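Here are my notes from a read through this one, for you to check against your own view. Have it open while you go through the points.

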Amino acid sequence: MTSQAPLVVDDRERGLFRVHRSVFVSEEILRQEQEQIFSRSWLYVGHESELRKPGDFVTRRVGGRTVIFNRDRHGTIRVMLNTCRHRGAEVCRLKSGNSRVFTCFYHGWAYDSTGRLVSVPDGDSYSASFDRTELGLHQPRVESYRGFVFANFSAGPDSLVDWLADARYLIDLVADQSETGMEIVAGTHHYSMRANWKLLMENSVDGYHGLTVHQTYFEMLMNLGITPPGTDGNRETGRGIDLGHGHAVATNPELGSPLMSPEVLVERDAHRAALAARLGPDHASRMVMTRNLGIFPNFVIVDLNWGIQVRTMYPLAPGHTEITGWQIMPSDDSDSMRRYRLENAMSFWGPAGLATPDDIEGLEQCQRGFASVTEVEWSDISRGMKKPAPSIVDELQMRVFWREWNKRITGTGYEPEGQPYDADYLRSDSSAQTGASPR
Amino acid sequence: MTDMDLVNVTGVSRADVEDFLYREAALLDEWRLEEWLDLFTHDCVYEVPPPDLPDADTARSFSLIHDERTLLEQRVIRLKKPTAHAEFPHSRTRRQITNVRILGHAGDEVMCTANFAVYRMRNGIDVVYVGRYEYVLKFSADGLKIKHRKAILDQSVLDPQGKVSIIL
């Protein structure tokens, strides 16, 4: 994009931030996003716990491509494009399973679990120049951080951990919740919305909408005897923090423990005491805050203590988005704790939760409102812009996303906003026992 | 054939079950949700398994819904409020219930199944949810009550349905 009018106005002096609504409706912008963002970013593919044994695989769509996410026969995690090198058909047509070989049913070319082409029917008919070793399944760059596996379709040299910047500390606060590892729970929420994908990235870290959009959810909590933070009149709790590279977090005191039986409460307290003993009290108390973490461009972890949502979103069209949601939890949780977490997670998240459908409704209403883009060109995201320490109901988290987005699309550079993430709790000795030690 | 197929102490017939399910569908289509809630026992469960794992244990997987009585009441309270934004204004729905079969009897309980197509119309957009119900109905002095209601979706990806903000 060259001399076009700006899409993002970031006026630090006056404390005003605006986004041009064409970015939500334009086919041309979507094409640029696919080239300049989704083809050149670390994209979340899945979690290592989804692939327990050598040969385990799942297929899913990542950045518009279908991929095979598998653990090969040697135990190595791989991401392979699900397209035959012969004529293009998908070589794996199952959603999940365990396989030593992926055979394209069209002409019978077969690949092993490392992606190597191992069988070409009537292979003698090819010339001497036909080189099978060059015709394995295409494999993008793959890196993993604390069990979260990402792929990057570009050839760039940037490592995942460098790209994550301070967001890695927030991933650590999830990964360190269990000594036996975190695991994705069976059951996937795979659904769509009639709104632009970026609206869900905004919404996933937006504390400002909480009491208006989720009034009925908070009323349900109060019906069950819980008083969540922010409902006592003081909404300016928590912090929105710029984590670098377009990543941000909204972190807040915990919401309370809805639906918790006395037995589970005892177990929860014992687990927290063990965390404090293992990590140190500062670290453990940071861990029990809530965190809505947005990792650019399209990966979200929402940790509300009683449930941890992992989510991706991809554009199908400017006004149509594919959403996938999972739950992740400590693999050593008891059956009663798992049931407790899932009961809360289901009552909040997903297409049939008591909260998510209202989020989606809000975003779909925004998308409908964008029909007036010719007359009403700008959305405002200025809240809290000149504050020294923006709270979760301010909009720093969204501005952080938009600055990186604007850099990718228009080449405009930016400076960080607000105070950097404070990882002081890692300085205590006990933190050396975690995977969060300096890397 | 199991023992429970042989004993039908309730005398409930397929026609009785059909009448019950059709009346329930009408209450839902008419948004008479408090009356619908009255059809349930106090130890009830309403559940919708994860769309990608229709056979999963809904209490131990990331399902769409696993509501015991307390949450089911909260779901109904919420849906009747104008602040339940996803359903305000309400969707119009129309339920087609077919292929009703009694699968067995156990004491005062009747196990049955039916197919469903639930049409949802809102904002000029029409979607249809397709699947199968499993019920455990309990026979009592004031008629049949729902002890267990499971709606198993055939759609594994909810596109274009998106939300399941109505009762399936």
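The points below take chain B as a whole, then its strands, and then a few parts of chain A.

1. A reminder to begin with: this is a predicted model. Please read everything below with that in mind.

2. Chain B, overall make-up. Four helices and six strands are what you get in chain B.

3. Chain B, dimensions. How does the radius of gyration of chain B sit against that of a compact globule? For 168 residues the globule rule gives a value near 15 Å, and chain B comes out at 16 Å, so the two agree. Along the principal axes, the C-alpha trace spans about 50 × 30 × 30 Å.

4. Chain B, burial and contacts. Of its 168 residues, 54% count as buried. The accessible surface of the chain is about 7300 Å², with carbon and sulfur atoms supplying 52% of that. As for contacts between residues at least 6 apart in sequence, 59% of them link residues at least 24 apart.

5. E3 and E4 of chain B. Strand E3(B) covers residues 92-106, and strand E4(B) covers residues 109-122. They run antiparallel, with twelve bridges joining them. The hairpin has two residues between the strands, and there Gly107(B) adopts a positive phi near 60 degrees. Is E4(B) mostly covered or mostly open? Mostly covered: eleven of its 14 residues are buried.

6. E4 and E5 of chain B. On we go to strand E5(B), residues 125-140, which pairs with E4(B) in the antiparallel sense over 14 bridges. One pair to look up is Asn115(B), whose bridge partner in E5(B) is Arg132(B). This hairpin, too, has two residues between its strands, and Asn123(B) has the positive phi, near 55 degrees.

7. Arg101(B) belongs to strand E3(B), and its bridge partner in E4(B) is Thr113(B). Which residues does Arg101(B) touch, leaving aside those up to four places away in sequence? They are Met111(B), Cys112(B) and Thr113(B). Its relative accessibility is 49%, so Arg101(B) counts as partly exposed; the cut-off for exposed is over 50%. For a sense of scale, take Gly124(B): it is 23 residues from Arg101(B) in sequence, and the C-alpha atoms are 35 Å apart.

8. Chain A, the four-stranded sheet. This is an open sheet in the order E6-E5-E4-E7, with antiparallel pairing. Strands E6(A), residues 77-81, and E7(A), residues 96-98, are the edges, each pairing on one side only. From one strand to the next, the twist averages 25 degrees. Within the sheet, E5(A), residues 65-71, is joined to E6(A) by five bridges in the antiparallel sense. Look there for Ile68(A), which stands opposite Met80(A).

9. Chain A, the three-stranded sheet. Here is another open sheet with antiparallel pairing, ordered E1-E2-E21. Its edge strands are E1(A), residues 8-11, and E21(A), residues 378-380. The twist from one strand to the next averages 20 degrees. E1(A) pairs with E2(A), residues 16-20, over four antiparallel bridges, and Val8(A) sits opposite Val19(A).

10. Chain A, the E15/E16 hairpin. Strands E15(A), residues 239-244, and E16(A), residues 247-252, are antiparallel partners over five bridges. Gly240(A) has Ala250(A) as its bridge partner in E16(A). Two residues lie between the strands, and His245(A) takes a positive phi near 60 degrees.

11. Chain A, a helix crossing. How do H1(A) and H11(A) lie relative to each other? The axes of H1(A), residues 27-38, and H11(A), residues 396-410, come within 9 Å and cross at roughly 95 degrees. An angle of 65 to 115 degrees counts as roughly perpendicular, and therefore that is the label for H1(A) and H11(A). On the H1(A) side, Ile29(A), Gln32(A), Glu33(A), Gln36(A) and Ile37(A) take part, meeting Trp405(A), Arg408(A) and Ile409(A) of H11(A).

Definitions and conventions
Residues numbered from 1 in each chain as written. Chains lettered and ligands numbered in written order. Predicted model: local features only at pLDDT ≥ 70, side-chain atom pairs only at ≥ 80, totals over all residues. Heavy atoms only, no water. Pairing = 2+ DSSP bridges. Axes fitted to C-alpha atoms, helices over the stretch in contact; angles between N-to-C directions. Rg over C-alpha atoms; globule rule 2.2 N^0.38 Å. Buried < 20%, exposed > 50% of the residue type's maximum accessible area, 1.4 Å probe, protein only. Contact = heavy atoms within 4.5 Å. Areas by Shrake-Rupley, 256 points an atom, 1.4 Å probe, with all protein chains shown as cover. Parallel < 35°, antiparallel > 145°, perpendicular 65-115°, else oblique.
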